[in-house]
Amino acid sequence: MRRIYLDYNASTPIDPSVAAAMTPFLANHYGNPSSGHWAATNARAAIEAARGQVAALLGCHHGEIIFMSGGSEANNLALKGVFFGQRDSRDDHIITTRIEHPAILAPCRFLERLGARVTYLPVDRSGRVDPDDVRRAITPSTLLVSIMHANNEVGTIQPIEDCARIAREHGALFHTDAAQSVGKISTDVNKLGVDLLSIAGHKVYAPKGVGALFVRRAVRIEPLIHGAGHESGRRAGTESALLAVALGKACELARDLEPMERIRMLRDHFWRALQERFGDRVVLNGHPAFRLPNTLNVSFVGLIGSEILARLDGIAATTGSACHSDRIELSPVLSAMGIAPEVGMGAIRFSLGRGTTRDEIDLVVEQLAQTLAPVE
Ligand SMILES: Cc1ncc(COP(=O)(O)O)c(C=O)c1O
């Protein structure tokens, strides 16, 4: 069986040069970065160099980067850190969207239990938020607007610049979850106009267990983890030079967006081939243009995505529907987009990456054609 990995939005392999950068920190540089002696020097210097690499990718100052355990922690710190950090103000309103990752939606629900008021904005059929909806929802007590940069399931890219401008005009902070967009499209915090931005290492060819949160200098946040003064008092716990170095190297590689053009062409070739084989029995989910270059979420109309995947051999991809107690449920993202159940149930997300080849795409199309023929 040939194995084909088309689930890069779920996680990426570790890039060989990231692994190479980590090796000295597995073998030698064991000192505590906070110590005052020779054993700490390499680790401390490496962490600060890595912070600079992450900052260079995001176009910010290195002091504005806090190392995290991943995208979930970064999102939690953004939401809870801002809410607790500004408690003395009367602002208790948060605006987000219905298609955020659970790492945004669950903290929002938690904050609602503590008295926050949260507005969940709708999206259109392509998964896009209307900036006018942000304008209509925002009030003088809006503390924070949090809108994901690109959606993990369908890849739709949000009009972050416009939404962030509206937040700023109304004195609210703006956070974006860039876990999926980093390394795929530009994530320059000043071009986007955001105050906080989350990234996850394992979506950008670094290992799992590391991520970062950009927090603009003037923004006050309360840490989630209290302890000693690590990460300038914003996240306690002895820093991992091993993981910081990995994220730093991955971010250095991610600055070059050129390889994404090859991936975009492969993704478009994939879509054309599916259309040729299946005609109007296959439907694209997500925005046709404002979409991550590696993401192809398609529905096989009238079929069940998980059943199609189960019949394919060795192909790693993700379905947009989940089976809960014998019922098949549409993903909350596809439901929020207003996709009809008979279309949404047949959704499969293929996400391509640096290792994907044309040969692999052609094999997947062939397998799909063979697998689906009997059901026609
Ligand atoms: C958009 C988005 N945000 C946040 C996360 C969570 O990141 P992590 O798995 O690093 O906690 C993910 C991961 O799937 C994601 O796709």
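Is Tyr-5 buried, partly exposed or exposed? Tyr-5 counts as partly exposed because its relative accessibility is 32% (buried means under 20% relative accessible area, exposed over 50%, partly exposed in between; 1.4 Å probe, protein chains only). This is a predicted model, where local features need pLDDT of at least 70, side-chain atom pairs count only at pLDDT 80 or more, and totals for chains, interfaces and linings use all residues. Residues are numbered from 1 along each chain as its sequence is written, and side-chain values use heavy atoms, with hydrogens and water left out.

**Aromatic pairs**
- The whole structure holds five aromatic pairs (rings of Phe, Tyr and Trp, its six-membered ring, with centres within 6.5 Å; planes under 30 degrees apart are stacked, over 60 edge-to-face, the rest tilted).
- Tyr-5 and Tyr-8 pair edge-to-face, at 5.1 Å centre to centre and 70 degrees between the planes.
- Tyr-8 and Tyr-205 make a tilted pair, at 6.2 Å and 45 degrees.
- Tyr-8 sits in the loop between strand E1 (4-5) and helix H1 (16-27), and Tyr-205 in the loop between strand E7 (196-200) and strand E8 (211-215), so their pair ties together parts 197 residues apart in sequence (DSSP runs, numbered from the N terminus: helices H or I, at least four residues; strands E, at least two).
- Tyr-5, Tyr-8 and Tyr-205 form one aromatic cluster.
- Tyr-8 is buried at 6% relative accessibility, and Tyr-205 is buried at 11%.

**Charges over rings**
- Arg-354 lies over the face of Tyr-205, 3.7 Å from the ring centre (NZ of Lys or CZ of Arg within 6 Å of the ring centre and within 35 degrees of the ring normal).
- Lys-80 lies over the face of Phe-110, at 4.9 Å from the ring centre.
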